[in-house]
Amino acid sequence: MSALYLYPVWLRLWHWLNALLFVTLLLTGVSMHFSLNWLIPFDLAVPVHNTCGVLLTVSWLVFLAGNLWGGNGKHYLINLRTLPRDLIAQTRYYLYGIFVGAPHPFHVSADHKLNALQTLSYVGVMYGLMPILILSGWAFLFSTSLPETLFGIGTVWIIAMVHLVVAWMLALFLVVHTYIITTGETPTTNLKAMVTGWHKEESGG
Amino acid sequence: MFSHPQPDSRPGTQRLAIGPRQAARRQTLTQAFLLALLVLTGSAWANPSDTVAPNTADPAAALASSAPMPKEQGLLKEDSQDCMRCHWMENMAYRDRETGKIVNLSIDRDAYSHSVHSELACSDCHDRGFSHYPHRSSSADEALNCVDCHEGRQDDGAPNLIGLKHEYDKSVHVTEGVEAFSCFSCHNPHTFHPARAGESVVDVVAETNNTCLDCHTELLTPVPKGHEWLPRPQAHWGSVRCLDCHTPLEGRIPERPSHNVLAAEDSNRLCVECHSKGSALLSQLYNYRAEQAREQDGFFSQAIYNDAYIVGMTRNPWMDRIGLTVILLMILGVAAHGLGRYYIRRRQEDSK
């Protein structure tokens, strides 16, 4: 059995607070978007969504600071040389190997806690989609300070569509993320690691 | 009740009455000094009534400001005071012999002082035929005209209303020949003011809509006539102006609603004009509300706690369909993946 202390307290706190904010934003957002008054009353959903949006911005800045100065940033560096090979191996494992008991192509270590697919998707989410989501959210809040139209189309409409598309993509990420974490050695290995900080494997790494 | 309390206005009248007396008393106390002052400044004390401005009742304000008082204007102007000796009374009214209706002649000082015309004295508009009392009924027939008056006083900052007039001339109120309809049917020049900064959206909407409902009383029912198709009409009326649907979609400007009020059959009935598409209507409505809310409680807090979100504003049927389909397929995909893992693991465990 091996045990690795992968997730320091600040990171775990950040992860779960970020998750809480994200789920709240998703629920209030869906409630407003589809006018689902039974899910969350409209009058409550709007201020909660706006407040959580601001807090999510803070959360993202904490993530950025943690990566810049907290030493967490190294996990998000993409190795372009090995990326194609690693991606193929990882995808092959999820689509085939996992069903035939093939060994996991990636082994968690203190220096590499994320496999190639994780690195790529997390970088895409945290440095690509999340800033767009946050910026479009702020653009909503301060839309009166923006020009009335952009390329002949109402600015609010453009912002709305960007915010919406990115929100759909991040909701998709949440579904995949929630499932993929069950593909550790046991279905709860990864979940426990994000709760306790310790990544434990019976077979050893 | 003749002694109707008017805390804001009555003391003001008294103030003006005792003003000269106070000045005279001070004069006797500081004669020598004032003599020199008179020589130096000339006019200030020569006309004591000029020195009596509304702020003099507040000793702190009087002490704090030693600068010359602003020139009296609006209702404080001397000849306006003559008018207001009667017209401040709330029960100043008469019954018109021909129509049998009560004609209200009372001027609300507070509302007037907050109106766009607050700087105007009575005689600036009502300039002839009022020297006799009681006024001749013909005095009231003076042809006051908003557009002409504003055009003539553009140099004084009166906004040009000619654009409004063009819109108004096309409105159903004119084309249907509504009897005796004029600017004053909707706008009371003694109280009129544009939506004030800091006024809540709900109040602005209520005030605007009440102007319509003052005449259109037939609409004061739970499901108003002609609005049966509109879901939750009362909720709409509480947050959207009548004008937002009953004016043309084209040519809207964010600053003010159009005055081309449409007939019911020409009015906007497309829900998606507000509830989804990035139309001009949507932008005007959204920005109007966000801006109103912002001025109410400050830039930052109101950006977050505004009530500018419109249900369905972010909606696009195709985007929703694609988004929901992708999410659903992904959920099915991972569920199938998970089930596959589960069954293979069980088979492996069974075979051991």
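The following legends describe close-up views of a predicted model. Local features require pLDDT of at least 70 and side-chain atom pairs pLDDT 80 or more, whereas totals for chains, interfaces and linings use all residues. Residues are numbered from 1 along each chain as its sequence is written, with chains lettered from A and ligands numbered from 1 in the order in which they are written.

**View 1. The largest nonpolar core lies in chain A and has 11 residues.** A nonpolar core is a set of buried Ala, Val, Leu, Ile, Met, Phe, Trp, Tyr and Cys residues joined through C-beta atoms within 7 Å; buried means that 20 or more other C-beta atoms, placed from the backbone, lie within 10 Å of the residue's own. Among its members are A:Met130, A:Phe140, A:Trp157 and A:Ile159. Helix 4 (116-141) and helix 5 (155-180) of chain A each give two or more residues to this core, and helix 5 of chain A gives the most, with 7. Helices are DSSP runs (H or I, at least four residues) numbered from the N terminus.

**View 2. A second, separate core includes residues of chain B.** This core has 6 residues, including B:Leu75, B:Trp88, B:Ile107 and B:Tyr112.

**View 3. Helix 1 (residues 9-33) and helix 2 (residues 42-69) of chain A cross at roughly 150°.** Their axes, lines fitted to C-alpha atoms over the stretch in contact, with angles running from 0 to 180 degrees between N-to-C directions, come within 8 Å. Helix 1 of chain A is therefore roughly antiparallel to helix 2 of chain A (an angle over 145 degrees). The residues of this contact divide into 17 nonpolar, 9 polar and no charged; Ala, Val, Leu, Ile, Met, Phe, Trp, Tyr, Cys and Pro count as nonpolar, Asp, Glu, Lys and Arg as charged, and the others, Gly among them, as polar.

Notes. Buried ≥ 20, exposed ≤ 12 C-beta atoms within 10 Å, placed from the backbone. Parallel < 35°, antiparallel > 145°, perpendicular 65-115°, else oblique.
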